[in-house]
Amino acid sequence: SVRKLKRLARYLLRYPRGVILFAPALDGGEGLLEVYADSDWAGCPRTRKSTSGGMLVVGGGLLKSWSSTQGPIALSSGEAELVSLVRAATEGLALQSLMADLGWSRPMRLWTDSAAAKAIASRDGLGKTRHVETKYLWVQRAVKHRRFVLAKVPGKENPADWLTKPGSASS
């Protein structure tokens, strides 16, 4: 629609250029599959839905990125970050499986800037977090069985931040 085109034009005028820079792999290894996840909480002023963003990186090179509106309305920032982390884990494990089919075995490290999402994914069960849908808790078993390593990245260093907060590209 014309309204959507005008909105896109205003966005492009305000943020005309985005640059994504990747530092060399933290472990010095070429083959580690790095997955970055981030979310904003209730970022859409009309629907109050959150946005998930993520990146798949191997050897410092971006293989895939995504930014999409989450389905459920998150009741907390921790829940929004968990939904984003689960999406990133799904994407990373799918790529890891594809790579295995091609004969490449790569360990995966999933980066998040959310202490709450990392804590929920690292324990068994809901704990005191009663409002989280149980369909997201499969990631706890994946962490427990070491399908990937879960790691914390500072928010200002998380490249997936650029995919969830439009103003972060210029800062």
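Helices here are DSSP runs of H or I with at least four residues, numbered from the N terminus. By that numbering, L5 sits in helix α1, which covers residues 2-14. The model is predicted. Its largest nonpolar core has 28 residues, and another core, of 8 residues, lies apart from it.

**Largest nonpolar core**

- Within this core of 28 residues, the most contacts are made by V35, L82, L85, L110, V139 and F148.
- At least two core residues come from each of β1 (33-40), α2 (77-101), β4 (108-112), α3 (115-122) and α4 (138-144).
- The biggest contribution is that of α2, with 9 residues.
- Beyond its neighbours within four places in sequence, F148 is in contact with A89, L93, M108, L110, V139, A142 and V143.

- The core of 8 residues that lies apart from the largest one includes V57, V153, A160 and L163.

- L5, L8, Y11 and L12 make a nonpolar surface patch of about 400 Å².
- L5 counts as exposed because its relative accessibility is 59%, and the cut-off for exposed is over 50%.

**D161**

- D161 is located in the segment after β5 (149-152).
- The relative accessibility of D161 is 15%, so this residue counts as buried; the limit for buried is under 20%.
- Between D161 and G53 the C-alpha to C-alpha distance is 7.3 Å, while the two are 108 residues apart in sequence.

Terms used
Residues are numbered from 1 along each chain as its sequence is written. This is a predicted model: local features need pLDDT of at least 70, side-chain atom pairs count only at pLDDT 80 or more; totals for chains, interfaces and linings use all residues. Side-chain values use heavy atoms; hydrogens and water are left out. A nonpolar core is a set of buried Ala, Val, Leu, Ile, Met, Phe, Trp, Tyr and Cys residues joined through side-chain atoms within 4.5 Å. Buried means under 20% relative accessible area, exposed over 50%, partly exposed in between (1.4 Å probe, protein chains only). Contact means heavy atoms within 4.5 Å. Patches are made of residues with over 30% relative accessible area and no salt bridge: like charges are joined within 9 Å, nonpolar side chains (Val, Leu, Ile, Met, Phe, Trp, Tyr) within 5 Å. Accessible areas come from the Shrake-Rupley method with a 1.4 Å probe; for residues, only the protein chains shown count as cover. A salt bridge is a side-chain nitrogen of Lys or Arg within 4 Å of a carboxyl oxygen of Asp or Glu.
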